Amino acid sequence: MSIIKVEKLTLVYGQGTSFEKTALNDVSFEIQSGDFVGVIGHTGSGKSTLVQLLNGLLKPTDGKVFLDGKDIWANPKKIRNVRFKVGMVFQYPEYQLFEETVYKDIAFGPKNMGMTEEETDQKVRSAAEFAGLQSDHLYKSPFDLSGGEKRRAAIAGVIAMDPDVLILDEPTAGLDPLGRDVLLSQIRNYHNMRKNTIVLVSHSMEDVARICDKILVMDHGNKKMFDTTENVFLRAEELESIGLRIPQITKIMHMLKQNGVNINANIFTVEQAFNEIINYLGT
Amino acid sequence: MVRNITLGQFIPGHSVIHRLDARTKILLLIAYIVFIFCAANYISLLMMTAVSLAVVLATKIKFRLYLKSLKVILLVVLLTGILNIFNGSGRILWELGLIKITEGGINNAIFVTVRIAVLVLISSVLTFTTSPSDLTDALEKILKPLSIFHIKVHEIAMMMTIALRFIPVLLEETDKIMNAQKARGADLESGNIFYRIKALIPILIPLFVSAFRRANDLATAMECRCYNGGVNRTRMKVLCFSGLDLFGLIFSMIIFVGVIVSNLCIPAVVR
């Protein structure tokens, strides 16, 4: 069943002024419940605009967004409920922390939803665990944490709302390679356990290739592709024409295959490639 | 929401007004404001209004943007206008108990309304057509004589430049933080006044934290580039007077003389 359906979505910033700019142009697609979708594209391709439309932070100039089959703007007064169902982690989410303790900050979302103390407590603790925060961090001031820990706390703040759809906008921006790897695999684990829908926005093909099942490619406000990761990477040349590159390791595997090495070329991580080549050499 | 503020916004262009020296514009703005309040009869008021409108047109900026900045003070203008109707002397036109409308009152109301509207219009002309850096440069030059009283003019100008420079940045930041908290279910639009003030905390705290962080970063960056105040600094863009400025000054002088003459010849309708 499709959880999010987008129809002919168009968004124009500053309509009617001299700064008019079309950020999104006639985009339609459907996301199935339980999908793990990566949204990829260059800076200014409309990725961030698109995801802000999905949870009703922006109102489309034209077109519609359906959540569970219902138009989210049918009743603008109920838009908060949409935001509870579609959780959104912004770029550099650590700048939204404000409470005295990490615990209170994570509890902000659940409290706004009207959960009881007990429910909130349980959500906060499980969210902190999913985000990889140690329990003694919960009673520290968020401003005393390190950069990476702040990011985790902020992500936990959204996970605590237990959304059906979790949107993450560039969650790994500014993290070191190790921090990035850990965070990505935690997001994947979270998805595997909760079986909810995740939309991950990134400009790094490597990141998206590693953890996403489907990829939505955006270019200058237009939808270019929306398919499974394997199928998208088969169109490497098209991707390169809009300035995106398939992961290096996938490219190498494609080249090996073209040169007559009989291997599976749908490989996105060095580890998988290593195993595949060992297998090939063994046979 | 915060993007709708036009007051203080710079709109790039190449019109005659854009090309005037910022110093000329500031001095003329002050002079125009003085004279719009000096104009005491309809002829001189009309003269000042016509000239201001001509200047507004000469900027070649869409009139709608001016209307937007007028809209901000609409309430103030209407309120003072209405209050002034009842405050005046002279021939009584209409009377109900203690309330009376007089000829003087109506004159007062018209003058106050037009004066404030024109004031806002020509102030917008200055900010719309002058980039913030030109504006502070010009202010620094104009205030230069104060440095003999040991007032650090350059530092004040630098502070103003930085403040102006960071207005859009902070607005954008506010927007982002508001969105982030709204995504977590923050309710900013309903409830009574105390509830609303409380709802601002999740926005103000991150905003202050990030403002201090930015200030700190900026100070470090300036120190890394060996910034040390105003002595012997040269500028990339040097302000210079041109024939255009001379023309603007002479033109304005003629208008001002006109206002003075008409004030002397025709009896004043307002104080």
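Colleague: Is B:Cys265 buried or exposed?

Modeller: In this predicted model, where local features need pLDDT of at least 70, side-chain atom pairs count only at pLDDT 80 or more, and totals for chains, interfaces and linings use all residues, side-chain values use heavy atoms, with hydrogens and water left out. Residues are numbered from 1 along each chain as its sequence is written, while chains are lettered from A and ligands numbered from 1 in the order in which they are written. Relative accessible area is read with a 1.4 Å probe on protein chains only, buried meaning under 20%, exposed over 50%, and partly exposed in between. B:Cys265, with a relative accessible area of 60%, is exposed.

Colleague: How many disulfides does a search of the whole structure find?

Modeller: A disulfide is a covalent bond between the sulfur atoms of two cysteines, and the criterion applied here is a pair of cysteine sulfur atoms within 2.5 Å. Over all chains the search finds 0 disulfides. For B:Cys265, which is in no disulfide, the nearest cysteine sulfur belongs to B:Cys38 and lies 16 Å away.

Colleague: How should I read the size of the interface, and what area do chain B and chain A bury between them?

Modeller: The size of an interface is often given as the accessible area lost when the parts come together; here buried area is that loss, taken with a 1.4 Å probe and summed over both parts. Chain B and chain A bury about 1,900 Å² between them, with 57% of it on carbon and sulfur atoms. Of the area that chain B buries against chain A, 35% is supplied by B:Asn179, B:Ala183 and B:Arg184, more than by any other three residues. The contact (heavy atoms within 4.5 Å) takes 24 residues from chain A and 19 residues from chain B.

Colleague: How many salt bridges are counted between chain B and chain A?

Modeller: A salt bridge is a side-chain nitrogen of Lys or Arg within 4 Å of a carboxyl oxygen of Asp or Glu, and the count between these chains is 2. A:Arg80 forms a salt bridge with B:Asp187, their closest N and O atoms being 3.6 Å apart.

Colleague: Where is B:Gln181 found, and which residues is B:Gln181 in contact with, leaving aside its neighbours within four places in sequence?

Modeller: Helices are DSSP runs of H or I with at least four residues, numbered from the N terminus, and B:Gln181 is found in helix H8 of chain B. B:Gln181 is buried, with a relative accessible area of 0%. Apart from those sequence neighbours, B:Gln181 is in contact with A:Gln96, A:Phe98 and A:Phe108 in chain A, and with B:Ala186, B:Pro202, B:Ile203 and B:Pro206 in chain B.

Key
Buried area = accessible area lost by both parts, 1.4 Å probe. Helix = DSSP H or I, 4+ residues; strand = E, 2+ residues; numbered from the N terminus.
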